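This briefing covers a helix pair and a set of salt bridges. The terms are given with their cut-offs where they come up.

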Amino acid sequence: MSFSLIPGRLYSRYEDITPEDLRRQGITLLLSDLDFTLAPKKVRHPDAALRRWIGELDRNGITFMIVSNNRSGRRVRDFCADLGVPYQGHAGKPSPRGLRAAMSRAGADASHTAMLGDKLLTDVLAANLAGVRSLMVEPAGGARTPWQKVLHTLQAPFKAVCRRRMERGTAGERNRSL
């Protein structure tokens with residue numbers, strides 16, 4: 001368990017994460033945030049690209065589950081039902097309890113789990129506190145509101161540390177680049 005805001009790996013978008021890379025690292029469970037990680041918050045239904053990506057994960061033996069703090073249980077429930085994937089709602093990130101509950105439901109342990117998200121203060125911190133690999137993407141749809149722009153500006157130094165570690169290949173075993 002590590003109190004760190006530095007992600008283990010950065011990606012432009014979720015599609016850049018391949019099942020082969022996850023399998024090579026022993027990942028059998030990929031947890032993911034929903035809003036701004038997989039789709040902009042306004043998007044009510046998963047698109048074909050997301051369906052294909054999750055299908056590829058499944059064909060490669062990687063279980064996928066959404067872990068969301070979203071206040072609207074209906075949005076997460078409907079989105080996940082449309083995708084045919086399980087979810088852990090009201091996760092309470094950055095507390096690791098939602099990630100631990102999801103791992104328990106999936107029968108996975110921290111050493112075989114990664115968490116994907118777009119925010120350091122919730123997704124990355126929860127992953128690091130839970131002892132799982134932390135993967136970060138740029139927000140789907142971009143930072144739109146003034147608050148989102150400020151938040152993503154504040155994340156820049158932590159993301160820069162991650163990029164340097166990725167370039168040097170020194171992110172450590174738990175946060176090793178995929």
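Buried means under 20% relative accessible area, exposed over 50%, and partly exposed in between (1.4 Å probe, protein chains only). The model is predicted: local features need pLDDT of at least 70 and side-chain atom pairs count only at pLDDT 80 or more, while totals for chains, interfaces and linings use all residues. Residues are numbered from 1 along each chain as its sequence is written, and side-chain values use heavy atoms, with hydrogens and water left out.

**Salt bridges**

- A salt bridge is a side-chain nitrogen of Lys or Arg within 4 Å of a carboxyl oxygen of Asp or Glu; by this rule there are 13 salt bridges.
- Arginine 163 pairs with glutamate 138, with the closest N and O atoms 3.9 Å apart.
- Arginine 163 lies in helix 6 (residues 146-168) and glutamate 138 in the loop between strand 6 (133-137) and helix 6, so the pair ties together parts 25 residues apart in sequence. Helices (H or I, at least four residues) and strands (E, at least two) are DSSP runs, numbered from the N terminus.
- Arginine 163 is partly exposed at 39%, and glutamate 138 is partly exposed at 30%.
- Salt bridges that share partners join Arg13, Glu15 and Asp16 into one network.
- Aspartate 118 and lysine 119 form a salt bridge at 2.9 Å, N to O; aspartate 118 is buried at 1%, whereas lysine 119 is partly exposed at 21%.

**Arginine 24 and aspartate 21**

- These two residues form a salt bridge, their closest N and O atoms being 2.2 Å apart.
- Arginine 24 is exposed at 59%, whereas aspartate 21 is buried at 18%.
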